[in-house]
Amino acid sequence: MSDLTVSFVQASLQWHDAKANRAELRRHVDEISIATDLIVLPEMFTTGFSMEAAKLAETMDGPTVAWLRELAAARDAVMTGSIIIKEKEQYYNRLLWVRPDGSLSYYNKRHLFTMANEHHTYVAGTERLVEEWRGWRICPLVCYDLRFPVWSRNSVTQPYDLLLYVANWPAARRTAWMTLLRARAIENLAYTMGVNCVGIDGNSLAYAGDSALLDMRGEYLVEVGNQETGITRSLRRADLDAFRERFPALHDADSFEMTQLAKW
């Protein structure tokens, strides 16, 4: 198996301005100077974390999906991040996984943040996504999902090598963000990435960034603080396989199935 080169963009999002956000994120993507396999953007990267879905939602044939397809083809890389999608008169905080050939998969955020009434606006997802890409299995999740280890758990039936979270995670809870990213990496024996935003949103919430990439030991490979930046790193397959062979803790994990998912 080959190594995987991954990139992420940590940016300040313009409140409710999809066109401006696409332009700014395109600038960051264009500054990635080396070939990469995967480019990760934050949660709700066209709008900021907003409950005004009726005003802001796009469809699956809207301008942002077309934009992601264009970038994926131009960079020969998967583009991923979440946006507000309307489908059959319902709204979703939907992570899009867009491949260079224009095909795509998606994941609807499972754990909706009730303290912001996200559950009153959006429909919760019921299925986890694990994608195979260039010899790697990757599980992309969204923000608040990070707090729920059962949903994030690596498993025999749906294994992954890279766990990633796209987020709008406020600065007030940055200790939880950094601690839980490390915990998820350690318990799942997987590379783990968290991609957040910076700045202050339209609700006057501050975001400290702290986007990070950790290895399967929970050691930081990248930690970027609160600046706007794009980062690219290579993940070594040999290191992952060797560590899992020396320390096969997943074989001792509790076996369980999620047979019923409650609806909000």
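Predicted model: local features only at pLDDT ≥ 70, side-chain atom pairs only at ≥ 80, totals over all residues.
Residues are numbered from 1 along each chain as its sequence is written. Local features need pLDDT of at least 70 and side-chain atom pairs count only at pLDDT 80 or more, while totals for chains, interfaces and linings use all residues, and side-chain values use heavy atoms, with hydrogens and water left out.

The protein contains seven helices and 14 strands, taken as DSSP runs numbered from the N terminus (helices H or I, at least four residues; strands E, at least two). Along the principal axes, its C-alpha atoms fill a box of roughly 50 × 45 × 35 Å. Of the 264 residues, 54% count as buried, that is, under 20% relative accessible area with a 1.4 Å probe and protein chains only.

An unreviewed UniProt entry lists residues 4-242 as "domain: CN hydrolase"; such annotations may be inferred rather than shown by experiment. This span is 25% helix and 31% strand, and its end C-alpha atoms lie 16 Å apart.

One cavity of 30 Å³ or more is present in the structure. A cavity is a set of points, on a 1 Å grid over the protein atoms alone, where a 1.4 Å probe fits but cannot get out, and lining residues have an atom within 4 Å of a point. The largest cavity has a volume of about 70 Å³, where volume is the space filled by probe spheres set on the points, with grid points joined across faces, edges and corners. Its lining includes Ser12, Trp15, Asn168, Cys197, Asp201 and Tyr207. Strand E10 (residues 198-200) gives the most to this lining, with three residues. The lining residues divide into six nonpolar, four polar and one charged, with Ala, Val, Leu, Ile, Met, Phe, Trp, Tyr, Cys and Pro counted as nonpolar, Asp, Glu, Lys and Arg as charged, and the others, Gly among them, as polar.

The count of disulfides is zero, a disulfide being a pair of cysteine sulfur atoms within 2.5 Å. For Cys139, the closest cysteine sulfur is in Cys143, at 15 Å, too far for a bond. Cys139 is also buried, at 0% relative accessibility. The sulfur of Cys143 lies 8.6 Å from its closest cysteine sulfur, in Cys197, and is therefore too far for a bond. Cys143 counts as buried at 7% relative accessibility.

Note on methods:
1 Å grid on protein atoms, 1.4 Å probe; cavity = no way out; pocket = protein on both sides within 12 Å on 5 of 7 lines; lining within 4 Å. Buried < 20%, exposed > 50% of the residue type's maximum accessible area, 1.4 Å probe, protein only.
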